[in-house]
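Morning, everyone. Please look at the sequence and the structure on the screen.

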Amino acid sequence: MQKKALYNFYKQEVEKEIVRIIRDAMDDFSDINFPSISVRYMKSMFGNYNKQKHHIKLSSLLAKYDYLYIKHVLYHELCHVSVFDHSAKFMKLFEEKYENARLVRKSLKKIKYNDYI
């Protein structure tokens with residue numbers, strides 16, 4: 001029961017940050033049809049873009065880390081709306097949309113997906 005309450009708290013915290021980030025993201029990604037976004041507990045990844053549903057899921061566990069990681073993951077997934085794979089074209093777009101993308105990515109990779117509570 002305590003674990004569920006904690007994950008709900010994490011979810012609410014990420015949702016609050018998304019509201020803040022969306023304002024900038026809408027300007028930065030004005031050229032795309034903005035997807036729906038949800039937050040849920042995800043065991044093996046920080047974010048996911050489903051092309052068929054045109055939907056982004058973010059991990060509630062991002063609430064445990066710095067704000068810039070939430071923004072990084074959201075911008076990463078928004079770039080997938082335009083470029084679905086992780087090609088050089090995708091990386092170029094991501095670096096244009098999110099300053100210091102490579103540096104933040106290196107830092108984010110050090111965090112384990114299943115980092116325990």
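This is a predicted model: local features need pLDDT of at least 70, side-chain atom pairs count only at pLDDT 80 or more; totals for chains, interfaces and linings use all residues.

Residues are numbered from 1 along each chain as its sequence is written, and side-chain values use heavy atoms, with hydrogens and water left out.

First, the parts. The protein has 4 helices and 3 strands. Both are DSSP runs, numbered from the N terminus: helices are H or I with at least four residues, strands are E with at least two. Along the sequence, the pattern reads α-β-β-β-α-α-α.

Next, the overall shape. The C-alpha trace spans about 45 × 25 × 25 Å along its principal axes. For 117 residues, a compact globule would have a radius of gyration near 13 Å, and the protein has 14 Å, which agrees. That radius is taken over C-alpha atoms, and the globule rule is 2.2 Å times the number of residues to the power 0.38.

How much of the protein is buried? Of the 117 residues, 39% count as buried. Buried means under 20% relative accessible area, exposed means over 50%, and partly exposed lies in between, using a 1.4 Å probe and protein chains only.

Now helix H3, residues 88-97. Phe 90, Met 91, Leu 93 and Phe 94 are buried there. Seen down the axis, these residues fall within an arc of 160°, so they line one face of H3. The arc is that of the directions from the helix axis to the C-beta atoms. The face turned away carries exposed Ala 88, Lys 89, Lys 92 and Glu 96. What does the buried side pack against? It packs against H2 and H4.

On to H4, residues 101-109, where Ala 101, Val 104 and Leu 108 are buried. They cover an arc of only 70°, which puts them on the same side of H4. Why can that happen in a helix? An α-helix has 3.6 residues a turn, so residues three or four places apart point the same way. On the other side of H4, Arg 102, Leu 103, Lys 106 and Lys 109 are exposed. The cover over the buried residues of H4 includes H2 and H3.

Last, Ser 60. It sits in the loop between strand S3 and H2. Ser 60 counts as buried because its relative accessibility is 1%. Leaving out residues up to four places away in sequence, Ser 60 touches Tyr 7, Tyr 10, Lys 11, Val 14, Val 39, Arg 40 and Tyr 41. A contact means heavy atoms within 4.5 Å.
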